[in-house]
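This briefing sets out the architecture of one protein chain and the surroundings of its ligand. Please read it alongside the sequence and the coordinates.

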Amino acid sequence: MLRIPVGRATASRCCHRRDLATFASDPRWPGWQAVIGIEVHVQIKSRAKLFSQTRTAFDQPPNTQVSLFDAAFPGTLPNLNIKCVELAVRTALAMGSDVQKRSTFDRKHYFYPDLPSGYQITQKYAPLAMGGQVFIGQGRTVSIEQIQLEQDTAKSTKSISGTVTRLDLNRAGAALMEIVSRPDMRTPEEAGAYVRALQALLRAVGASDGNMEQGSLRCDVNVSVNRKDEPFGTRCEVKNLNSVRFLMSAILSEVRRHTALLDAGCPVPQETRGFDQDRAETFLLRTKEDAPDYRYMPDSNLPPLLLTQDYISAIAATMPELPSALYARLQSQYGISARDTEVLMSIESGSDMGYDGEAEKGSAVNYFEQVADGGDPKVAANWIIHELLGQLAFRNESFHTNPVSVETMRELLALLHDGTLTGTSAKTLLRHILQTRTQIPLTQLIDEMSLRTASSTSLKSLCEAAVSALPRESDVIRKGNEKVVMKLVGHVMKASRGTANARAAADMLREILLPPKL
Ligand SMILES: Nc1ncnc2c1ncn2[C@@H]1O[C@H](COP(=O)(O)OP(=O)(O)OP(=O)(O)O)[C@@H](O)[C@H]1O
Ligand SMILES: [Mg+2]
Ligand SMILES: [Mg+2]
C-alpha cells in the first residue's frame, strides 16, 4: 500500500487555485460569471451511529435500529463513536485539511418531525478540520472551507393523501460529515467534477460509499452571478440534490434565473430553494426573512473533542493512494487513456459496510492492475472496460458480483494472445461465463464449446466452402477486386462460429482465388 505525504492545507492551497479576482466568463451567459459553492453531506461508513452504539443498517425494517438516545428519550446521553471520528480524520487528511486538535459540538435547534430531540448536534463554531482541497482534473482544484461532524435526521415519508407522515428512526443520529467548499467553481461541469472527485476520494479512504442515489451523499448548492470587476453576487442555496445530473441542472437553472432577474434590473433576493426534477427548475422554499433562527449553543453533554498529534499521525500512516495520484499513475504506468482511467476509477467496489483497511481490495482498478501485470495493459484495459464491464452493465449487474476471477481473465487474454482464441470466441466465452457463472476451467470450456481457433486445415475447407457458396463474389475477386474478399471472410466467420481468424481467412482466400504474386 502506498503512503502519501500529508500536506498541510495552507501550504498546498495556492498551487492550482484559480485567482478569485480572475473573471471566468462562459459563452452560455456572456458577460456574466457564475460562482458556485457546495455543501456536501456524507454518510460516514461506520457500523454504529455517531453518539450511540446502534447499528447503521438502513435496509432493516423501520424503527428497528433505534436506541433510547436516538429517539431522544429524556435523560439519555451521547457517547461519541471514535470510528466516525477516525473516518472523518482520514477524509480530512486526504484533502490536506488541517485537522483541529480541539473541536466542539453545538446544538442547532429546529422543529421538524424527523428530528426527535428538536436539535441536531453539529460542529458550527469549532469544526473538526479546516481548509484543504480536492483535485477535480484538468489542473483544477476546489478549496475546502471546513469539515464538520453532525447527526443525520430520521427519514419521513408522506402518505399519498398527504395526511399521514411516517417516521423511520433507523437513520436518526447516524454520522454525517458536512464538507463545505469555498465558492471556487464557475460552471455546472466543474461542480459535477467536484462531486465525482469527492466520491472517489471518500471511497478511496473508506469513509463513505458516496452513493447519491441511495442518499449517502447529498448536496446543497450555492449559486450567484456577477459581472466583471464586480464583487460576487447574492447567493441562493438549492437544497437536497441527489444526483450529479440534477445538481448540474439546478445550477444551470439558477444561473439563468439570476441573470434574467439582473438583466431586468431586479436584484437577486437571498433565498433557499428546492429543485423540481420534472421541470428542471428551482422553486422557492424560503426567503432570507423567514430563515429560521437555529439558536446555536454548545452541547452541554459533550466535552470538546481533543485529538493528539500521535493519533492524527497514526491515521496518516495508514492512508491509501489517493484518487489524484492513482489517476496519474495508471496513465503513466500502463499507458491507458484518461477516459479508460476514469471509467475504471468510477466503478464502485461495493465492499461491506465498515472500513477494514483494505477499501480498494475489490475495486475495478485493483482488478485491472492484477490482470495487466504480466500481460499487455492496453489489451487488459480494453477487455475489462469494453467487454467485461460492458457485459455486466448490459446484464444490469454490478462489478462486485463479477464471476470472472483475475486468473481467469488473465488466462483468457493469454489464450487470445497466443491465437488459441479469436476475439469473437473470447467474447463468446466471456459471455458464457457471465451467464452461467461456471467454474469449469477455460481450456475445458473451449473444447466443450468448440471455440478453439480453426486449424489451418479446417480453415482451408471453410474457405473452400465459402468460395463455392459465393461463386459470383469469388469471380469478382479473381478479376482483381480484392475488396470483396471481406464478404467471403464474413461467410467463413459465420460458418466457423467465430473460431476462424479473420486475417488468416483473408490470406487463405487470396491464396485460393488469386494467382501467386511473383
Ligand atoms: N457568493 C457566493 N456565491 C456562491 N456560493 C457562495 C457564495 N458565498 C459563499 N458561497 C458558498 O456557500 C456555502 C455556505 O455554506 P455554509 O455551510 O458555510 O453556510 P450556510 O449555507 O449559511 O449554512 P447551513 O449549513 O445552515 O446551510 C459554501 O459552500 C460557500 O462556498
Ligand atoms: Mg452548511
Ligand atoms: Mg447551506
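The points below go from the whole chain to its domains, the ligand shell, the strands and a single residue.

The model is predicted. Its chain has 518 residues, of which 39% are buried, and its secondary structure comprises 16 helices and 17 strands. The division is into three parts: domain 1 (35-312), domain 2 (318-448) and domain 3 (456-513).

**Overall architecture**

- Taken along the principal axes, the box filled by the C-alpha atoms of the chain is roughly 95 × 55 × 55 Å.

**Domains and annotation**

- The C-alpha centres of domain 2 and domain 3 are separated by 34 Å.
- Contact between these two domains involves five residues of domain 2 and five residues of domain 3.
- On the domain 2 side, the residues that touch domain 3 comprise five polar, no nonpolar and no charged residues.
- An unreviewed UniProt entry places the feature "domain: Asn/Gln amidotransferase" at residues 366-513.
- That span, residues 366-513, is 70% helix and 0% strand, and its end C-alpha atoms lie 49 Å apart.

**Shell around ligand 1**

- The shell around ligand 1 contains 15 residues, and those that come nearest are Gly 37, Pro 183, Asn 222, Ser 224 and Phe 232.
- Two or more residues each are given to this shell by strand E1 (32-43), strand E11 (175-181) and strand E12 (217-227).
- Strand E1 supplies the largest share of the shell, with five residues.
- Sorted by class, the shell around ligand 1 holds seven nonpolar, four polar and four charged residues.

- Why is strand E8 described as largely enclosed by the rest of the structure? Of the 12 residues in strand E8 (residues 140-151), 10 are buried, so the rest of the structure largely encloses the strand. The criterion for a buried residue is 20 or more other C-beta atoms within 10 Å of its own.
- Strand E6 (residues 129-130) is an antiparallel partner of E8, with two bridges between them. Ala 129 has Ile 147 of E8 as its bridge partner.
- Strand E7 (residues 133-137) also pairs with E8 in the antiparallel sense, through four bridges. Here Gln 133 faces Ser 143 of E8 as the residue opposite.
- E7 is itself mostly covered, with four of its five residues buried.
- Seven bridges link E8 to E11, again in the antiparallel sense. In this pairing Gln 146 stands opposite Val 180 of E11.

- Three strands form an open sheet in the order E5-E4-E16, and their pairing is antiparallel.
- The edges of this sheet are strand E5 (119-122) and strand E16 (297-298); each has a single partner strand, so one side of each is left without a neighbour in the sheet.
- Strand E4 (residues 106-109) pairs with E16 over two antiparallel bridges. Asp 106 stands opposite Pro 298 of E16.

**Glu 281**

- Glu 281 belongs to strand E15 (residues 281-287).
- Is Glu 281 buried or partly exposed? Glu 281 is partly exposed, because 17 other C-beta atoms lie within 10 Å, and a residue counts as buried at 20 or more and as exposed at 12 or fewer.
- Leaving aside residues up to four places away in sequence, Glu 281 touches Ser 253 and Asp 276.
- Glu 281 and Glu 254 are 27 residues apart in sequence, while the C-alpha to C-alpha distance between them is 7.8 Å.

Technical notes. Residues numbered from 1 in each chain as written. Chains lettered and ligands numbered in written order. Predicted model: local features only at pLDDT ≥ 70, side-chain atom pairs only at ≥ 80, totals over all residues. Near = placed C-beta within 6 Å. Nonpolar A, V, L, I, M, F, W, Y, C, P; charged D, E, K, R; others polar. Domains from an automatic or database assignment. Contact = placed C-beta atoms within 7 Å. UniProt positions renumbered as here; feature names shortened; annotations may be inferred. Pairing = 2+ DSSP bridges.
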